[in-house]
Amino acid sequence: MWGRNVYDSISKFLQFQLTVNIVAVIVAFTGACITQDSPLKAVQMLWVNLIMDTFASLALATEPPTEALLLRKPYGRNKPLISRTMMKNILGHAVYQLTLIFTLLFVGENGQPDLKHTLHRAGEQS
């Protein structure tokens, strides 16, 4: 029972971490390419990683096993850790988060595109 619970916890933790890291890297890279200034500085990226690692590991490490785990067949040795369903969840959540973040980053507070300010900042760097 504990082995299956640990396997499930590792899978959930891995899915969460991959989603957060994929989004952070894409936001930093795309933001740096478009605005010539990264929306997330190095220290901010480290804080995001530290906080996400800590809270995710605490949440998943304290999840108790249930009797329902014994009803499920065990996973085989050759089964990949990241399944097709997990990959779909990771990509789906990443697209959702990227859409939300880029909307906030590029549309601005007032709901109007903030391209003049973005392009003006890009022109200052060159």
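Helices are DSSP runs of H or I with at least four residues, strands are runs of E with at least two, and both are numbered from the N terminus. The structure is a predicted model, in which local features need pLDDT of at least 70 and side-chain atom pairs count only at pLDDT 80 or more, whereas totals for chains, interfaces and linings use all residues. Residues are numbered from 1 along each chain as its sequence is written, and side-chain values use heavy atoms, with hydrogens and water left out.

The UniProt record (unreviewed entry) places the feature "transmembrane region" at residues 90-107 and at residues 14-34. UniProt positions are given in the numbering used here, feature names are shortened, and annotations may be inferred rather than shown by experiment. Residues 14-34 are likewise 100% helix and 0% strand, with end C-alpha atoms 30 Å apart.

In total, the protein chain has five helices and zero strands. Helix 4 spans residues 84-107 and comprises 24 residues. From its first C-alpha to its last, helix 4 reaches 34 Å, close to the 34 Å expected at 1.5 Å a residue (the expected span is 1.5 Å times one less than the number of residues). The buried residues of helix 4 are Met 86, Ile 90, Ala 94, Leu 98, Phe 102 and Phe 106. Here, buried means under 20% relative accessible area, exposed means over 50%, and partly exposed lies in between (1.4 Å probe, protein chains only). An α-helix has 3.6 residues a turn, so residues three or four places apart point the same way. Helix 4 is followed by Gly 108, which has a positive phi near 95°. Across the 126 residues of the protein chain, buried residues make up 21%.

A search of the whole structure finds one aromatic pair. Tyr 7 and Tyr 75 form this tilted pair, with 4.8 Å from centre to centre and 40° between the planes. Rings of Phe, Tyr and Trp (its six-membered ring) pair if their centres lie within 6.5 Å; planes under 30 degrees apart count as stacked, over 60 as edge-to-face and the rest as tilted. The pair links distant parts of the chain, 68 residues apart: Tyr 7 belongs to helix 1 (residues 2-35), and Tyr 75 to the loop between helix 3 (68-71) and helix 4. Tyr 7 is partly exposed, at 23% relative accessible area, and Tyr 75 is partly exposed at 37%.
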